[in-house]
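This briefing goes through one protein chain by topic.

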Amino acid sequence: MDGAMENMEVCETESIDPSDDACTLDYGDEDSLVAVEGECSEDDDSDEDYNSILKPAFLVEGEPDFDSGPPHDGLEYLRRVRWEAAQIPNVKVAKLEKNKIKEEQSIYMPQIPEIASCPEHLLPLKQWEVAFVADFSELCRALSCYLDPTTKTSGKLQQVFLENVIVEKFNNLKTEEVRMSVGDGSVDYPTLSGIQKMDSVARVSMLRKRISLFESMTTLSRSDCLWLFALCAAIDTPLDADTCASLRGLLRKCASLRAGKSEVDDEVVMLNILATISGRFFGQSER
């Protein structure tokens with residue numbers, strides 16, 4: 001190494017030529033190079049090397065005076081900071097108590113209750129669910145054509161289409177009420193023309209709002225059921241995560257209201273329809 005340093009001094013005073021052998025460092029054989037590299041291993045870190053990277057920005061002398069109360073100037077403050085830093089070891093090994101950590105750890109996922117159960121005779125038959133999902137799929141495909149702005153449909157065709165859907169799925173609803181909903185909008189029922197005026201984002205937003213309102217109610221009205229039915233048939237798929245969460249909330253609310261029933265009535269039928277749409281058609285059922 002001494003000879004190499006001398007060669008470098010000669011190269012500094014004369015013109016440097018890369019091809020000059022005198023300016024080439026000779027570290028010897030490969031074993032010597034390995035030995036040199038081995039001298040810089042991570043295991044050889046010392047306090048001196050550690051302190052060399054912690055150079056103080058301000059030089060202060062003397063020991064801190066803790067008995068004098070709060071530091072009276074910046075130098076006294078720095079003395080105390082340096083003193084506290086000197087008491088901290090370079091490496092601190094913490095001993096973890098796994099049992100204590102497990103007890104104090106917060107729950108990452110919320111505890112979601114299971115879907116409420118109800119008497120068996122209130123649940124829809126499996127054959128009915130299969131047939132209903134197939135019919136609802138056909139309805140969604142047909143409705144997507146009507147809602148397509150490039151498709152032209154007459155007002156009479158819209159009225160007949162809406163009447164057939166509502167009368168078939170909600171046969172207790174009078175045809176006069178359907179015509180009123182299609183005509184002047186005096187009854188709070190969904191109309192095909194009204195839904196057609198919404199874009200896909202507005203339909204999804206309206207569905208979420210309707211589900212949120214329904215979750216705070218204690219009963220399911222026919223009007224709310226018709227709105228939820230129509231909006232579920234009109235939204236585009238695939239669904240985003242927020243809409244899936246809203247549909248799971250709809251399924252839970254329907255199951256919760258159905259669990260409080262003892263006999264089959266019109267509300268149970270509507271609850272089964274919405275539960276089948278959200279649970280079976282949109283795949284939000286846990287079973």
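**Surface and overall fold**

The protein chain exposes about 20,100 Å², and carbon and sulfur atoms supply 54% of that area. The model is predicted. Of the 287 residues in the protein chain, 29% count as buried.

- The protein chain has 13 helices and zero strands.
- Read from the N terminus on, the elements run α-α-α-α-α-α-α-α-α-α-α-α-α.
- Among contacts in the protein chain between residues at least 6 apart in sequence, 67% join residues at least 24 apart.

**Helix H11**

- Helix H11 covers residues 222-234, and its 13 residues should span 18 Å at 1.5 Å a residue.
- The end C-alpha atoms of H11 are 18 Å apart, which agrees with that expectation.
- Because 12 of its 13 residues are buried, H11 is largely enclosed by the rest of the structure.
- The buried residues of H11 are Ser223, Asp224, Cys225, Leu226, Trp227, Leu228, Phe229, Ala230, Leu231, Cys232, Ala233 and Ala234.

**Helix H12**

- Helix H12 (residues 241-259) has 19 residues and reaches 27 Å from its first C-alpha to its last, close to the 27 Å expected at 1.5 Å a residue.
- Asp240 caps the N-terminal end of H12, with a side-chain oxygen 3.1 Å from the backbone nitrogen of Asp242.
- Buried residues in H12 include Thr243, Cys244, Leu247, Leu250, Leu251, Lys253 and Arg258.
- The cover over the buried residues of H12 includes H10, H11 and helix H13 (266-281).

**Salt bridges**

- How many salt bridges does a search of the whole structure find? The search finds eight.
- Glu76 and Arg80 form a salt bridge, their closest N and O atoms being 3.1 Å apart.
- Glu76 and Arg80 are four residues apart in helix H4 (residues 74-86), so about one helical turn separates them.
- An α-helix has 3.6 residues a turn, so residues three or four places apart point the same way.
- Glu76 is buried at a relative accessible area of 3%, and Arg80 is buried at 10%.
- Glu76, Arg79 and Arg80 are linked in a network of salt bridges.
- Asp224 and Arg210 meet through their side chains in a salt bridge, at 3.6 Å from N to O.
- Asp224 lies in helix H11 and Arg210 in helix H10 (residues 200-215), so this pair ties together parts that are 14 residues apart in sequence.
- Asp224 is buried, with a relative accessible area of 15%, and Arg210 counts as buried at 17% relative accessibility.
- Lys261 and Glu267 also meet through their side chains in a salt bridge, at 2.7 Å from N to O.
- Is Lys261 buried or partly exposed? Lys261 is partly exposed, with a relative accessible area of 22%, whereas Glu267 is buried at 12%.

**Cysteines**

- A search of the whole structure finds zero disulfides.
- Cys118 is buried, with a relative accessible area of 17%.
- Cys244 counts as buried at 16% relative accessibility, and Cys244 belongs to H12.
- Cys225 and Cys232 are among the buried residues of H11.

Notes. Residues are numbered from 1 along each chain as its sequence is written. This is a predicted model: local features need pLDDT of at least 70, side-chain atom pairs count only at pLDDT 80 or more; totals for chains, interfaces and linings use all residues. Side-chain values use heavy atoms; hydrogens and water are left out. Helices (H or I, at least four residues) and strands (E, at least two) are DSSP runs, numbered from the N terminus. The expected span of a helix is 1.5 Å times one less than its number of residues. Buried means under 20% relative accessible area, exposed over 50%, partly exposed in between (1.4 Å probe, protein chains only). A salt bridge is a side-chain nitrogen of Lys or Arg within 4 Å of a carboxyl oxygen of Asp or Glu. Contact means heavy atoms within 4.5 Å. A polar contact is a pair of N or O atoms within 3.5 Å; within protein, one must be able to donate a hydrogen and the other to accept it, and residues adjacent in sequence count only if both atoms are side-chain atoms. A disulfide is a pair of cysteine sulfur atoms within 2.5 Å. Accessible areas come from the Shrake-Rupley method with a 1.4 Å probe; for residues, only the protein chains shown count as cover.
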